Amino acid sequence: MTRAANIAPADKLPSAVPLQVSIPFMLGSISLATSYGSSFFLVDALRSIGQSATTAGAVISTGTIATILCSLLVGRIADSVGLTRTISAAAVMMTIAMACFASASTSTLFAYAGGLFLGVGWSGFYMLAPLEVLRHVRSEARIKYLTLLSGSQMLGIGLAAPLARAVAETAGSYIAVYALFAAACLVAATVFELAGRRGAHASQPRMPNVGLTLQGVMEIFRSSTRYPIIMIGVGGCVFAGLFTFQTLYAASRAQSADTFFLVFTLTAVFMRFAVAPIIGKFRIERAVAVLFMCTIAGLLILFVNVDSTAIYIIGTMVFALGYGLSYSTLNSMAVDLADRDGTPLAIASQVFTLSYFVGLFGFPSIAGQIVKASSFDHLLMSMMMLVVANAVILTTQVFSAGRAH
C-alpha cells in the first residue's frame with residue numbers, strides 16, 4: 001500500500017479529520033450513494049424501454065452476486081494499489097455502471113453489465129470507505145466520523161428517487177437519469193483522489209495489509225469482536241425485512257409506503273448528522289442498548305397500528321432513530337474491540353460489513369416465506385424477536401467484558 005508521509009502511533013492521531021480531506025470525501029460519498037440508490041427504480045427504468053420486471057430482477061441479482069464476491073477480494077486489491085486509489089477505482093466502476101444503464105435501450109447486455117459493475121463498485125466503496133475514515137483519527141473520534149459517513153450515504157440514497165423523478169420528468173425518460181448519475185460518479189472519483197492526496201500528508205498509523213484471509217476472519221470470530229459483527233448481521237435482517245415488504249404492510253394499514261420511506265430517510269439522515277458530534281461522549285454499550293430499545297419500540301408501534309397515519313409516522317421515526325444510528329455505533333464497537341483484543345482493525349471492519357451484507361441480501365427470501373405462510377404481522381413479530389436476540393448478544397458481550405476485567 002502507499003505509505004503516508006507522516007506515520008504516527010494510533011494514540012497520537014488527531015481527534016478530527018482535516019476539512020480538506022473530510023469534506024471532499026463526504027461529498028463523494030453522497031454522490032456514489034445517490035447513484036447506488038438509482039438501483040431502486042431500475043425496474044421502472046427497464047420497463048420504460050420494453051424490458052420485463054424479470055429482466056430487472058436478474059440484473060439486480062447479478063449486482064448482488066458481484067457485491068458479495070468483490071467484498072471478499074477488494075482488500076487484496078487495496079493492498080496492491082493503495083486504499084484511496086482503490087476507492088477511486090470503485091467510483092470509476094460505478095461510473096461505468098451508470099453509463100451501461102444509460103445505454104440499456106440499445107442492448108439488454110448493457111443492463112447486465114451495469115448490474116455487474118454496480119455490484120463491484122458499490123462493494124469496493126462500502127467495504128473500504130470506513131477504513132479511510134478510521135486511519136485519520138484516534139479511537140474516541142471514530143464513532144463521530146463513521147456516523148457522518150453513514151449519514152452521507154443515507155442522504156445520497158434518499159436523494160436518488162426524488163432527483164431521478166425530477167430529471168425523468170424533464171428528460172422524458174428514466175434512462176436519461178443514468179447519464180447524470182454517471183457524471184456524478186466521475187466527480188466522486190475525482191474528489192476521492194483529491195482527498196487522498198491531501199490526506200497523504202496528514203498523520204496516520206502504519207496500516208497493515210487489509211486483504212481478507214481465512215486466518216484473519218477466524219481470529220476475529222475467536223475474539224470479542226464477533227459480538228457486534230453478529231449483531232449487525234441480525235440488524236441487517238430487520239432492515240431488509242421491513243424495507244423489502246413495506247408496501248405489503250402499508251396496504252394492510254391503508255397507508256402509503258412512500259410515507260415510510262420519506263420519514264425514515266429524513267429522520268435517519270437528520271439524526272446521524274445531529275448526533276455525530278456528541279455520540280462519542282456516551283459509553284458505547286449503553287448507546288447500543290438504547291438504540292435497540294428504540295428499534296423494537298418502533299416495530300411494536302407499527303405492529304399495533306391499525307389505520308392511523310400519525311401512528312405510522314411515529315413508529316417509522318422511532319424505528320429510524322434506533323436502526324438509523326445502530327450501524328455506525330456497532331461499527332465503532334467492532335473496531336474498538338478489535339483494538340482492545342489485538343486483532344486486525346481493517347479485517348474487523350470488513351468482516352463487519354460482510355455480516356451486514358449477509359443479513360441484508362439473505363433475509364428477504366426467509367421473510368418472503370414467513371409472509372407467504374402467514375402474514376406481515378408475523379414477520380413483524382419475527383423481526384422483534386431478532387432485536388431481542390441482539391439485546392441478548394449485547395448483554396453477553398457486556399458480561400464477558402466484565403469477567404475479562
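Trainee: Why is S349 counted as buried?

Mentor: Buried means under 20% relative accessible area. S349 has 0% relative accessibility, so it counts as buried. Keep in mind that this is a predicted model.

Trainee: Where does S349 lie, and which residues is it in contact with, leaving aside its neighbours within four places in sequence?

Mentor: S349 lies in helix α14. With those neighbours left aside, S349 is in contact with P130, L131, L134, N331 and V335. Contact here means heavy atoms within 4.5 Å.

Trainee: Now S71. Is S71 buried or exposed, and how do you know?

Mentor: Exposed would need over 50% relative accessible area, and buried needs under 20%. The relative accessible area of S71 is 0%, so S71 is buried. It lies in helix α3, which covers residues 53–81.

Trainee: What is S71 in contact with, apart from its neighbours within four places in sequence?

Mentor: S71 is in contact with S123, M127, L212, L354 and F357. As for L118, S71 is 47 residues from it in sequence, and their C-alpha atoms are 13 Å apart in space.

Trainee: Let's step back to the whole chain. What makes the protein chain as compact as a globular protein of that length?

Mentor: Start with the make-up of the protein chain: 15 helices and two strands. Its radius of gyration is 21 Å, close to the 22 Å that the globule rule gives for 405 residues, so the protein chain is as compact as a globular protein of that length. Along its principal axes, the C-alpha trace spans about 55 × 45 × 35 Å.

Trainee: How many of the 405 residues count as buried, as a percentage?

Mentor: The figure is 52%.

Trainee: Which residues touch the most other members of the largest nonpolar core?

Mentor: They are L32, M98, L242, L299 and Y356, in a core of 119 residues. Helix α14, residues 345–373, gives the most to this core, with 13 residues. In soluble globular proteins, nonpolar side chains tend to be buried together.

Trainee: What surrounds L299 by way of contacts, leaving aside its neighbours within four places in sequence?

Mentor: L299 is in contact with V238, L242, F319, L380, M383, M384 and V387.

Trainee: What share of the contacts with a separation of 6 or more comes from residues 24 or more positions apart?

Mentor: In the protein chain, such residues account for 84% of those contacts.

Methods:
Residues numbered from 1 in each chain as written. Predicted model: local features only at pLDDT ≥ 70, side-chain atom pairs only at ≥ 80, totals over all residues. Heavy atoms only, no water. Rg over C-alpha atoms; globule rule 2.2 N^0.38 Å. Buried < 20%, exposed > 50% of the residue type's maximum accessible area, 1.4 Å probe, protein only. Core = buried A, V, L, I, M, F, W, Y, C linked by side-chain atoms within 4.5 Å.
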